[in-house]
Amino acid sequence: MFLLISKLLMPMATYLNNSRYLQVLRDAFMLAFPITMFGSIVVVIANLPFLDKFMSEGTLNAFKSSLGNAPSATMGIMSIFVVFGIGYYLSKSYNVEAVFGGAISLVSFLLLTPFLIEVEGMTEAVGNVLPLDRLGAKGMFLAMITGFLSGEIYRFVVQKNWTIKMPDGVPPAVAKSFSALVPALLTLTVFLLLNIGVTSLFNTNLHDVIFNVVQQPLVKLGNGLVPTLIAIFFVQLFWFFGLHGQVIVNSVMDPIWNTLSLENLNAYTATGEVPNIISKQFVEIYTVGLGGSGSTLAVIVAILLFLKSKQLKQIGKLSLGPGIFNVNEPVIFGLPIVMNPLIMIPWIVAPLITVTVTYFAMSTGLVPPPTGVAVPWTVPMFISGMMATNSLAGGLLQLVNFLIILAVWFPFLKFIDRLNVKKEQEEAANPKDEAV
């Protein structure tokens, strides 16, 4: 059975793990991570729950207003970082000049962006203004599509040697700029003509087309409990067979989850409301944030407190420190979890239960959903839950999930413990002869 599943999964997992485009997409999102982290920290500071206790309403509003540019200048323009990152890393993967690939992708995206905004009360849109919402969550999918298309056109032209060659004595920076001139002209012309065609023939823009036809349906699909459970199931299943499930599944789902997070953050900073339950933070904080993939901190604690096997105790001691910071490779490969049929059931079932509990706790209003603030995945349990939701209830929900995981795993761990103790007793009673 295991061999059959492994044979079915391995080709798909290998393809996803080695896909050039998925690796580029992952790296592009990581490029934006330190910048969005800064914006998240500012949002947390501006919305600390106790500020109104020692600040007047006017002072508090002024304080929040003074910090208001930080989210807009970081997470509010995340599509810019993503499109530049895709162009950069895609070009780098083809061994062509990466920085020009990133710059050309960014300009291609801006060529497709309408420089006008609708103002309430005015019959005509205001021109020569770059709308911020097009650079954030609303433009995310167009940014990704544009980044890949422009990057492919740019590298195709470069690899065809349709470039200007400068003499050897010319400084390298000048030579590289002239070398990128023809690829840039051809690539940007394609996107300029594309924009002219769409706006002239259909009286719309590609931002609205992609948002309505592609982004909204995908985001609505990814915002449900069932798709999230399917994603978590495959994370666990891939890990069981020794594949990095988090990397494989996140490469596919991150565009949807990150878009939902940006929508949450934009709404939270504007109104204090959070429209989406499922988001990048929902998945990370309430699965990875409980001890790593599979939420194994409870497993480590159960080993240390309730099991008797010396071998398992040693694994628990080695795994506790990393596990607190959500690094769980020691327990995954030490217990082991990989390819261990005795552990397959709790390994897959426990996260599915806690994700379901978390979803209904948030959908019923018992716990607020994550605000969209980026929280490093290494932040320990309880603290990360409070940071993500800006609420004590978010941390308490992590503790509830911790207890649920403990309860699901406990009978399986006790069974494994009995087997290990029996084996250790037999080895102690019948020690092997030492080699002469």
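**Close-up views of a predicted model**

Helix 9 (172-179) and helix 10 (181-202) each give at least two residues to the nonpolar patch. Helices here are DSSP runs of H or I with at least four residues, strands are E runs of at least two, and both are numbered from the N terminus. A quick note before going on: this is a predicted model, where local features need pLDDT of at least 70 and side-chain atom pairs count only at pLDDT 80 or more, while totals for chains, interfaces and linings use all residues. Residues are numbered from 1 along each chain as its sequence is written, and side-chain values use heavy atoms, with hydrogens and water left out. The patch sits on the surface and is made of Ile 164, Val 174, Phe 178, Leu 181 and Leu 185, which together have about 380 Å² of accessible area. To join a patch, a residue needs over 30% relative accessible area and no salt bridge; like charges are joined within 9 Å, and nonpolar side chains (Val, Leu, Ile, Met, Phe, Trp, Tyr) within 5 Å. The areas come from the Shrake-Rupley method with a 1.4 Å probe, and for residues only the protein chains shown count as cover. Take Phe 178 as one member: you'll find it in helix 9, and its 35% relative accessibility makes it partly exposed. (Buried is under 20% relative accessible area, exposed is over 50%, and partly exposed is in between, with a 1.4 Å probe and protein chains only.)

**Helix 6 meets helix 7.** Residues 78-93 make up helix 6 and residues 98-111 make up helix 7; the two pack at an angle of about 140°, and their axes are 7 Å apart. Axes are lines fitted to C-alpha atoms, for helices over the stretch in contact, with angles from 0 to 180 degrees between N-to-C directions. That angle is why helix 6 and helix 7 count as oblique to each other: under 35 degrees is roughly parallel, over 145 roughly antiparallel, 65 to 115 roughly perpendicular, and the rest oblique.

Lys 176 pairs with Glu 97 in a salt bridge, and their closest N and O atoms are 4.0 Å apart. The partners are 79 residues apart, with Lys 176 in helix 9 and Glu 97 in the loop between helix 6 and helix 7. A salt bridge here needs a side-chain nitrogen of Lys or Arg within 4 Å of a carboxyl oxygen of Asp or Glu. Lys 176 is partly exposed at 41% relative accessibility, and Glu 97 is partly exposed too, at 33%. The whole structure has seven salt bridges.

**Salt bridges within helices.** In helix 8 (residues 140-159), Glu 152 and Arg 155 are three residues apart, which puts about one helical turn between them. Their side chains form a salt bridge at 2.7 Å, N to O, and both residues are buried. Over in helix 14 (residues 280-285), Glu 284 and Lys 280 are four residues apart, about one turn of the helix. Here the N to O distance in the salt bridge is 3.5 Å. Glu 284 is buried, at 19% relative accessible area, and so is Lys 280, at 10%.

Most residues other than glycine have a negative phi, and most peptide bonds are trans. Leu 335 and Pro 336, though, are joined by a cis peptide bond, with omega about -10°. Pro 336 lies in the loop between helix 17 (329-334) and helix 18. Met 339 is in the loop between helix 17 and helix 18 as well, and this non-glycine residue has a positive phi of about 60°. With 40% relative accessible area, Met 339 is partly exposed. Now look at the loop between helix 18 and helix 19, where Phe 382 is found. Phe 382 also has a positive phi, near 80°, without being a glycine, and is partly exposed at 24% relative accessibility.

**Pro 368 in its loop.** Pro 368 sits between helix 18 (344-363) and helix 19 (383-389), in the loop. At 29% relative accessibility, this proline is partly exposed. Pro 368 and Ile 45 are separated by 323 residues in sequence, and their C-alpha atoms are 18 Å apart in space.
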